[in-house]
Amino acid sequence: MSILVDKNTRLLVQGFTGREGTFHAQQMIDYGTVVVGGTTPGKGGTRHLDRPVYNTVREAMAEAIPNTSIIYVPAPYAADAIIEAADAGIPLIICITEGIPVMDMIKTCDFVKSKGARLIGPNCPGLITPGQAKVGIMPAYIHSPGKVGLVSKSGTLTYEVVNALTNAGMGQSTAIGIGGDPIIGTSFVDVLEMFENDPETEMVVLIGEIGGDAELRAADYIAAKMKKPVAAYIAGRTAPADRRMGHAGAIISSGDDTAAAKMAALSKAGAKVAEAPSEIPGLLQATMVRS
Amino acid sequence: MKIHEYQAKEVLARYGIPVQQGQVASTVDEAVQIATSIGKPVVVKAQVHVGGRGKAGGVKLAQNPEEARQKASAILGMSIKGITVKKVLVAAAADIAHEYYLGVVLDRASKRVLLIGSAEGGVEIEETAKTNPEKIIRISIDPLIGLASFQINQMAFGMEIPTNLQRDFSKTLRGLYNAFIETDASLAEINPLVIDSEGKLAALDAKIVLDDNALFRHPDLEAMRDLNEEEPSEVLAREAGLSYVKLDGNIGCMVNGAGLAMGTMDSVKLYGGEPANFLDVGGGAKAERVTTALRIILSDPSVKTIFFNIFGGITRADDVARGIIAGVQEVKTDVPMVIRLNGTNQEEGRRILSEAGYTAYSDMDLAAKKAVELAASR
């Protein structure tokens, strides 16, 4: 079953008829994800990609009954789209959009939580349970079904590691990008807990980067609660302090935010820490041999 | 985005915060004029985005306009941590009876706006945070409620603000918080907030850092950007919609995706090389983007090799290959390139590159090692 998305996912695409929404919706449909329709205010009642378009998420809920929503809406309007989805009762919301003002996310995350929903992202590539559902922008072909759960702040760096795992014959249960912004809906710890409780995941890979303390909290969780083996890679060892490295959240503002500090903490917690993304499969295989 | 002290003070003044009378000057004569019109002792302060101005000699007291001339002459044009001082703030000096710290910051871990205050302000605040953390008051703001009056009380009593100044303090804290929220800041701090010799509150220094993601809705604040403080190449990159940070090495990097770009720099370093830059060229394979990115990387004369590391998600590798070839032809350089290209249609993409005379790698580690080797040999 893996985590969060599978063959039971019924996906609504917010920003359905825009360029991004159209392209990625088609890709997800081609993969076999059940896409029930989408929203674009003003285009309700029309059809797109052979599916219904709605003006609002509430309308979509009444008819198409989605249980998941993915958002391809520009940054100035994306927080509103997330709130709309939670307000309409969607339990799992994935926001791909990069560039949402950070203050908007404080209220948005609180609101989503108050509705009992889960937000993944923003500024994330989405998630995929290989063979069952792709809910995001990742290239499907590099993934294969298997027992490694992967959680990452990054997009293309994740693909690098997934590629290495697939090539080593180590498929993935679910690969999830939580996003590179400073304030996000789902943390490393949230996902680690899901993987620890998922019978189909036997090993976990964590891909982090500089900025914030999410990886340190992950290390605490790994030490205290995880029995499954964890391999980790942290990007940004060569990043200078105080400079934003692409992702809004990738900025070193204190000694704890550095890649070195995070690698040390994860290692101490029992995770196997890689020096390069290609080392990940080997580190996981070593844990299998020992047990 | 950082803004200067004088700009931060302009913003905070609009929110009722007691900033000193003062003005910014770009020449010595201007500084003298301002000092004369203030008519009291002034402080001449370098306006640069880096910290440690005082220790570098960029903050000086001047008792009269003649002294202001001397101090401004010394400070204008000086270099502080690599930045040349082009402006000074000339502000009325204050006799300080007590220094406090007051700040509003975003705390990512708790997803909350945090108020931070201390009765022990000034340059030693970071020391205080380590040695006497109980002297730092932290109050978390609930987004539903905003800044509540009882929280202002909490802060005032925690910071031991004298009773007769509590009303002024309340106004200052509320102003600082409102400024933070309304400008979409990630940090707004007054350090030090002082009680001057007349017993009044005064904000002697102010710092505001703005959320880059929110600048689109603050064109007036975006206009405060100081291009003098930024590398010209970084300015160009931002205008082209590219993410670029100049570093000190000689291996230029062009990568799609911030995480992979950082990972690429790290791998270059791991194999003994020094990255010249971070550059996230983003998705899409248009020759135009590649050309712009190449020009930016090559504007750094120390670059001896360029390492392309592209893992196309949706972007097709053959499109990327064509984009790279066209881009390189546009720019015409003899700097050697190492290209690693993965993604949809990767075989086709690598074939196109080989036919054009490039070596196309599929393995990131091998490609990184080659780039390091090439740079070392030049």
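In chain B, Val42(B) has Ala62(B) of strand E3 as its bridge partner. Strands here are DSSP runs (E) of at least two residues and helices are DSSP runs (H or I) of at least four residues, both numbered from the N terminus; two strands count as paired if DSSP finds at least two bridges between them. The model is predicted: local features need pLDDT of at least 70 and side-chain atom pairs count only at pLDDT 80 or more, while totals for chains, interfaces and linings use all residues. Residues are numbered from 1 along each chain as its sequence is written, and chains are lettered from A and ligands numbered from 1 in the order in which they are written.

E2(B) and E3(B) lie in an open sheet of four strands with the order E1-E6-E2-E3 (chain B) and antiparallel pairing. Strand E1 (22-25) and strand E3 (59-62) of chain B are the edge strands, each pairing on one side only. On average, neighbouring strands of this sheet are turned by 20 degrees against each other, direction ignored. Helix H2 (residues 28-38) of chain B packs on the sheet and touches E1, E2, E3 and strand E6 (88-92) of chain B, with its direction at about 10 degrees to that of E6(B). Contact between two residues requires C-beta atoms, placed from the backbone, within 7 Å. Axes are lines fitted to C-alpha atoms, for helices over the stretch in contact, and angles between N-to-C directions run from 0 to 180 degrees.

Chain B is divided into domain 1 (1-19 + 95-229), domain 2 (21-93) and domain 3 (232-377), with bounds from an automatic or database domain assignment. The centres of domain 1 and domain 3 of chain B, taken over C-alpha atoms, are 42 Å apart.

Elsewhere in chain B, the axes of helix H11 (residues 317-331) and helix H12 (residues 346-355) come within 7 Å and cross at roughly 20 degrees. H11(B) is therefore roughly parallel to H12(B), the term covering angles under 35 degrees. Ala317(B), Asp318(B), Val320(B), Ala321(B) and Arg322(B) of H11(B) meet Gln346(B), Glu348(B), Gly349(B), Ile352(B) and Leu353(B) of H12(B). These residues comprise five nonpolar, two polar and three charged, where Ala, Val, Leu, Ile, Met, Phe, Trp, Tyr, Cys and Pro count as nonpolar, Asp, Glu, Lys and Arg as charged, and the others, Gly among them, as polar.

Chain A contains an open sheet of seven strands in the order E3-E4-E2-E1-E5-E6-E7, with mixed pairing. Strand E3 (47-48) and strand E7 (118-120) of chain A are at the edges with a single partner strand each, so one side of each lacks a neighbour in the sheet. Strand E2 (residues 35-39) and strand E4 (residues 51-54) of chain A pair in the parallel sense over two bridges, and Thr39(A) has Tyr54(A) in E4(A) as its bridge partner. Helix H3 (residues 75-87) of chain A lies across E1, E5, strand E6 (92-95) and E7 of chain A, at about 170 degrees to E6(A).

The contact between the chains takes 42 residues from chain B and 45 residues from chain A. On the side of chain B, helix H9(B) gives the most, with eleven residues. By class, this side has 20 nonpolar, twelve polar and ten charged residues.

Technical notes:
Angles under 35 degrees count as roughly parallel, over 145 as roughly antiparallel, 65 to 115 as roughly perpendicular and the rest as oblique.
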